[in-house]
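Biologist: I'm new to this structure, and I'd rather get to know one part well than skim the whole thing. Pick a strand and its surroundings, and take me through them closely.

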Amino acid sequence: MRKDKMYFLTFLSISAIFMIMASIAIHYIEKVSVSQMLETQLEYGKREAKELGSLINWQLANGVEKEQLISAIQKSIDNTNLETGFVSMFDWSGTHLCHPDIRQVGQPVSQETSFVSSVADDLGTEEFYTLLKDRNLLKVTDSLENTSEVICMIPIQNSDWIVAAHANTQKIALKANQLKNDLNTILLIMGLVVILSFIIVARLIGSSYEKRLELKNQKLEDEVINLTKLNRAVGDYQQKVSEQQPKVTKKDDQKSKRRILTYVRNELLPVATEEIAHIYTESNITYVVRTDGRRTTTNLSLDELFSNLDNSFFFRANRQFIIAISAIDKIVKYGNNQLKILVNPDSAVDIIISKNRASEFRQWLNL
């Protein structure tokens, strides 16, 4: 249940982060994409109006009759596609002289037609985008009627004519809206793919990690069981030793010393082997620690001492320590397959049995 809850919270977190990032990305991409589309439309409309205006100026300068020129212009723009933009020509009174829709010729400019640019032709992409937003055209639907905007006006020299470039802002807004919807769809699909992929990968990695963790836990449990057995064996061996101590024969007594001669400053002090907790060397000095915690020194080396002690009661843990079975308090795992012996009284230096001697230590305990 905890795992499912963790994966669910992970899914919610990733989804929330993705939604925040996606909303920022959509806003930026939408603005850039719409701006590029508007820039293309503006440049196309302005260029077309300027080229037509230049052509009319040239023909008027070369003596072409106005009536003949108007007829030729009307034929050239007749039935032009009104989908996104077109050009027309009207006079200063606001009457259409030429228009792609022949029905508009001779008619006054519609009151619904907006002039978003002056004759100076200063409409830019940012202004056009702001215009669409201010008029809420970016939220339109197909059911609304077409809206024409005059985005550029070119006056004709030596005449009262004006060439105008129109933009169908309604259609442009619909395209921008469709672009926004496409972006939302793409990002939504990408988000689902990314989130689901992340969850699947997270589950696979999590499962692999859990298996490794279970193996480690199993190994740790086995080590704990082994250490428990080892500590139990120590207790059994200590009890066994305590029962066997009164039965030591004279022959056994000859093999091992019953006392060790030690020193406290200039005073000689014999210590019975039953009172020894552990023996260790430090700075070439051999110390004998008694069960009551008192410490004395001896001139003998650990090798000499161990050869004279009963191996049933004492174990050579390492080059520095000899420990008595009665002094072992607990055995714990240390490092890589090593053992750490805790004794009573405590030792100032850790008593470590190496990996190689660990098996010998277990055999000493009759395991």
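Modeller: Let's go with E8, which is mostly covered: 5 of its 7 residues are buried. Buried here means under 20% relative accessible area, while exposed is over 50% and partly exposed is in between, using a 1.4 Å probe and protein chains only. The labels come from DSSP runs, numbered from the N terminus: a helix is H or I with at least four residues, a strand is E with at least two.

Some ground rules: this is a predicted model, so local features need pLDDT of at least 70 and side-chain atom pairs count only at pLDDT 80 or more, while totals for chains, interfaces and linings use all residues. Residues are numbered from 1 along each chain as its sequence is written, and side-chain values use heavy atoms, with hydrogens and water left out.

Now the neighbours. E8 runs antiparallel to strand E9 (residues 285-290), joined by 6 bridges; strands pair if DSSP finds at least two bridges between them. The two form a hairpin with 2 residues between them, and Ser283 in the turn has a positive phi of about 55°. Across this pairing, Tyr280 has Tyr287 of E9 as its bridge partner. E8 also pairs with E12, again in the antiparallel sense, over 3 bridges. There, Ile279 has Ile322 as its bridge partner.

The structure holds 5 aromatic pairs, where rings of Phe, Tyr and Trp (its six-membered ring) pair if their centres lie within 6.5 Å, and planes under 30 degrees apart count as stacked, over 60 as edge-to-face and the rest as tilted. Tyr280 and Phe321 have ring centres 5.5 Å apart and planes at 20°, so they are stacked. This pair links distant parts of the chain, with Tyr280 in strand E8 (residues 276-282) and Phe321 in strand E12 (residues 321-324), 41 residues apart. Tyr280 is buried at 8% relative accessible area, and Phe321 is buried too, at 0%.

The charged end of Arg295 sits over the ring of Tyr287, 4.2 Å from its centre. For that label, NZ of Lys or CZ of Arg has to be within 6 Å of the ring centre and within 35 degrees of the ring normal.

E13 and strand E14 (residues 338-343) pair over 6 bridges, and Ile328 has Val343 in E14 as its bridge partner.
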